[in-house]
Structure formats: structure tokens, C-alpha cells
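Subject: Model handover and notes

Hello,

Here is the model for your files.

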Amino acid sequence: MHFKVRAAAKEDCKEISRMIMELAVYENMPDQVKTSHEDLERDGFSPNPFYECLVAEVPDEHKTKDGHCLAGRSTCGHVSVSGQRQPASSSLCVGGQDTLGSSTRQVKRLKCCPNDGYTVVGYALYFYTYSTWKGRSVYMEDLYVMPDFRGKGIGTGLMAKVAQVGVEKQCVRLQFSVLEWNKPSLDFYIAKGAEDLTAKEGWHFLRFHGQSLDTLAKEAPKD
């Protein structure tokens with residue numbers, strides 16, 4: 001299948017927002033998504049952007065046929081029902097593989113607002129960090145391809161393009177995290193040459209957020 005990977009434009013943010021929710025549904029954490037497409041527009045397309053993004057696009061003849069997505073809340077604003085992300089008066093069907101095409105884990109596909117199908121079918125969102133040991137680095141926050149388009153090289157194409165962008169900016173490493181249960185994705189990345197730093201070096205990924213972040217910020221010395 002022909003596809004192209006290009007830099008995301010501000011006009012892509014609704015599609016990126018839709019796919020962010022699809023990924024969150026797959027990861028069983030849709031309620032954790034708080035960003036809107038307006039947030040993505042502000043944070044990625046301002047004079048000092050917080051992130052960069054690539055999208056994978058297919059020709060019109062290969063676009064999705066029925067406008068289905070995996071999200072119960074997409075850019076159309078659907079909400080949860082009885083603990084499941086599900087648009088009102090929707091048809092629910094099951095299908096799709098769970099990573100880049102290497103597993104049979106089933107995920108929910110929900111019919112979203114009527115449309116003519118999607119041509120933007122994947123994305124990779126990343127930003128730059130710095131290692132005091134190694135120097136410039138790039139962190140890939142998300143890599144996602146819609147289920148019907150997996151196993152066609154799109155995920156590899158997106159990830160390779162992130163790597164290319166990093167190398168061009170003299171980054172010395174590409175880092176990202178994978179959920180422990182997502183073994184197909186972990187196997188995929190390791191087969192591509194990635195190192196599992198948790199297994200190899202014992203690193204733990206920690207986070208302050210919400211009240212704990214606010215409390216810590218209040219402990220900062222006064223100017």
C-alpha cells in the first residue's frame with residue numbers, strides 16, 4: 001500500500017486528537033486523556049512548540065471505508081456510558097490488532113460521527129530532551145497506526161522518520177516507553193534494535209502530577 005509520512009500541520013490536530021483517543025482506548029486508559037485538539041494546536045504550532053508530530057497519510061482510494069474509529073470520545077465529543085467509552089446510538093463492533101500488526105488481541109471499534117473515511121491513519125508525536133551523559137536526545141511520546149493499516153510498514157515508516165529527524169538534529173538516542181503487558185510492541189521494537197532499559201539497567205519511570213506536582217512546586221525556594 002502506498003502511503004506518505006509528512007510533518008503534521010495545524011489542520012491535522014483534530015485527526016491527531018482522534019487517534020490519541022484510539023490509542024488510549026487500546027491501552028485501557030481513555031479517561032486519562034485530557035488534551036483537546038485546541039491544546040494540540042496551541043502546544044505544537046506556537047512560536048515555541050512543546051512537541052513535533054508526523055502523520056501517515058494514504059491516498060483517497062485507500063481511506064477507511066466506514067468512518068469507524070476505536071474511540072468512544074473523539075473530536076466529535078462522545079462520552080462514556082456505563083464505564084465504557086461509547087458514543088450514544090452507535091453500533092459497536094470488534095476488530096483490529098493491538099500493536100503494529102503482530103497480535104490477535106481484540107480492541108473495540110466504535111462508529112463515530114458520519115464521515116467519508118480517514119486518510120490520516122497514523123501518527124508519531126515526539127519532542128527533544130537532553131542527557132547529561134550523552135547529549136541531545138529525542139523522546140517519542142506516541143506511535144500509533146489505525147488497525148486496518150497495520151502490517152503494511154506504516155509504523156516502521158513513522159518511527160524511522162522520527163529517527164531520521166533526530167539524527168539530522170544530532171540527537172544520539174531515541175527513547176520511548178512501552179506498557180509492560182504490551183509484549184508484541186516490545187518484541188517489535190527490540191527486533192528493530194531497541195534496548196529494554198528496564199531489563200538491562202533497572203530504570204523506573206516516575207511521575208509527579210496533579211496535587212503531588214502542585215505540592216512539590218510550593219516547596220521551591222523564593223526568588
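Predicted model: local features only at pLDDT ≥ 70, side-chain atom pairs only at ≥ 80, totals over all residues.

Residues are numbered from 1 along each chain as its sequence is written, and side-chain values use heavy atoms, with hydrogens and water left out.

Five strands make up an open sheet with mixed pairing, in the order 1-2-8-9-10. Strand 1 (4-7) and strand 10 (173-175) are at the edges with a single partner strand each, so one side of each has no neighbour in the sheet. On average, neighbouring strands of this sheet are turned by 30 degrees against each other, direction ignored. Strands are DSSP runs of E with at least two residues, helices are runs of H or I with at least four, and both are numbered from the N terminus. Two strands count as paired if DSSP finds at least two bridges between them. Axes are lines fitted to C-alpha atoms, for helices over the stretch in contact, and angles run from 0 to 180 degrees between N-to-C directions.

Strand 1 pairs with strand 2 (residues 52-57) in the antiparallel sense over four bridges, and A7 stands opposite L54 in strand 2. Strand 2 also runs antiparallel to strand 8, joined to it by six bridges; there, V55 has Y123 in strand 8 as its bridge partner. Five of the six residues of strand 2 are buried, where buried means under 20% relative accessible area, exposed means over 50%, and partly exposed is in between (1.4 Å probe, protein chains only).

Helix 1 (residues 13-26) lies across strand 2, strand 8 (120-131) and strand 9 (135-145), and it runs at about 85 degrees to strand 8.

Positive phi

Most residues other than glycine have a negative phi. N28, in the loop between helix 1 and helix 2 (37-44), has phi near 65 degrees. Q170, in the loop between helix 3 (154-168) and strand 10, also has phi near 65 degrees. N28 is exposed, at a relative accessible area of 54%, and Q170 is exposed at 56%.

Before strand 1

F3 is in the segment before strand 1 and is partly exposed, with a relative accessible area of 22%. Not counting residues up to four places away in sequence, F3 touches E57, V58, K152, G153 and I154; contact means heavy atoms within 4.5 Å. F3 and K152 are 149 residues apart in sequence, and their C-alpha atoms are 9.4 Å apart in space.

Surface patch

F208, L213 and L216 form a nonpolar surface patch with about 290 Å² of accessible area together. L216 is in helix 6 (residues 211-218) and is partly exposed, at 38% relative accessible area. Patches are made of residues with over 30% relative accessible area and no salt bridge, with like charges joined within 9 Å and nonpolar side chains (Val, Leu, Ile, Met, Phe, Trp, Tyr) within 5 Å. A salt bridge is a side-chain nitrogen of Lys or Arg within 4 Å of a carboxyl oxygen of Asp or Glu. Accessible areas come from the Shrake-Rupley method with a 1.4 Å probe, and for residues only the protein chains shown count as cover.

Regards
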